[in-house]
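Colleague: I would like to learn how to read a few features of a model, taking them one at a time. Could you go through them with me?
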Amino acid sequence: MTSDRHPRRRVLGGLLAAGTGALGLGGALPSASAADARPSAGGAKPTVVLVHGVFADASGWYKTMAGLQDAGFPVIAVANPLRTLAGDSAYVSSIVDTIPGPVILVGHSYGGEVVTNAGRGHTNVKALVYVAAFAPDEGESALQLAEQFPGSELPGALVTRPFPLPTDAPPGDPGLDGYIDPAKFREVFAGDLPRSETRLMAAAQRPGSVGGLAGPSGVPAWKSLPSWYVIPTADKVIPPAVQRFMAQRAGSRVVEVKGASHVVMMSRPAVVVRQILAAHHATR
């Protein structure tokens with residue numbers, strides 16, 4: 001089943017991406033200063049909730065988590081279900097419900113679409129951080145956004161597999177999961193990581209439901225919350241032009257990372273940690 005024969009799958013590249021000055025920053029983790037490790041004058045440090053996208057899992061946040069934990073931040077890396085936007089957002093929202101203090105929501109790829117919805121209605125969510133991510137407006141899907149700008153190399157690398165639909169599947173759901181062809185995984189998804197690492201990532205990738213992830217987004221949390229954005233300039237999943245459009249619309253504070261791939265949080269974790277710290281310092 002090729003992307004040419006199936007238009008919904010052809011544009012899945014934008015949908016399943018699971019998401020300013022150019023900086024050529026390295027991937028070394030920032031060291032935590034004594035000031036970073038202390039609670040702020042306003043109270044306890046926020047819990048940073050990290051939400052992964054499609055083709056990935058929470059392990060992609062390990063280096064980011066290490067930098068944040070060294071700086072004294074509590075961290076939760078959510079296991080995103082990757083079934084439906086409404087269901088995934090409700091799941092992350094339920095986790096936020098259990099956190100008594102302030103929260104910073106961070107989304108990578110499709111995870112950005114999830115935090116855009118999960119952050120709504122929570123008075124303790126202080127900021128959103130988008131990492132190579134989707135930040136849709138109300139009624140939009142990643143599918144629509146991906147079609148607005150060229151440049152993704154994902155459509156030609158996709159493999160789909162059928163799965164049994166649950167009873168609550170949205171009408172018209174084709175019951176297909178999308179994966180990246182392992183032979184093309186590194187080039188499309190993680191070109192700045194070692195091949196020894198990307199071989200394992202390709203074998204362990206988590207797919208996303210084609211029909212489920214095409215659901216329209218709700219009222220975006222970025223309309224009421226400040227946001228920060230990390231844009232990798234060599235992203236071949238979500239083109240940088242798409243990310244710039246969404247970041248400008250949301251009024252995000254942007255850092256562009258020259259030469260970084262879609263998994264910038266793995267290859268340049270220091271940049272991602274700094275943006276999260278910037279969000280904390282601006283909202284505490």
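Colleague: Which residues line the largest pocket?

Modeller: Bearing in mind that this is a predicted model, the lining of the largest pocket is formed by Phe55, Ala56, Asp57, Ser59, Gly60, Phe189, Glu197, Leu200, Met201, Ala204, Gln205 and Met266. The volume of this pocket is about 210 Å³, and the largest share of its lining, four residues, is supplied by helix 9 (residues 195-204).

Colleague: How many of the lining residues of the largest pocket are nonpolar, polar and charged?

Modeller: Sorted by class, the lining of the largest pocket has seven nonpolar, three polar and two charged residues.

Colleague: How are two packed helices described?

Modeller: In general, one gives the angle between their axes and the distance between the axes. Here, the axes of helix 5 (residues 85-97) and helix 6 (residues 110-118) come within 8 Å and cross at roughly 65°, and the crossing of helix 5 with helix 6 is right-handed. On the side of helix 5 the contact is made by Leu85, Asp88, Ser89, Val92 and Ser93, while helix 6 contributes Tyr110, Glu113, Val114, Asn117 and Ala118; by class, this contact has five nonpolar, three polar and two charged residues.

Terms used: Residues are numbered from 1 along each chain as its sequence is written. This is a predicted model: local features need pLDDT of at least 70, side-chain atom pairs count only at pLDDT 80 or more; totals for chains, interfaces and linings use all residues. Side-chain values use heavy atoms; hydrogens and water are left out. Axes are lines fitted to C-alpha atoms, for helices over the stretch in contact, and angles run from 0 to 180 degrees between N-to-C directions. Helices (H or I, at least four residues) and strands (E, at least two) are DSSP runs, numbered from the N terminus. A crossing is left-handed if the near helix is turned anticlockwise from the far one by less than a right angle, and right-handed if clockwise. Contact means heavy atoms within 4.5 Å. Ala, Val, Leu, Ile, Met, Phe, Trp, Tyr, Cys and Pro count as nonpolar, Asp, Glu, Lys and Arg as charged, and the others, Gly among them, as polar. On a 1 Å grid over the protein atoms alone, a cavity is a set of points where a 1.4 Å probe fits but cannot get out, and a pocket is an open set with protein on both sides within 12 Å along at least five of seven lines; lining residues have an atom within 4 Å of a point. Grid points are joined across faces, edges and corners, and a volume is the space filled by probe spheres set on the points.
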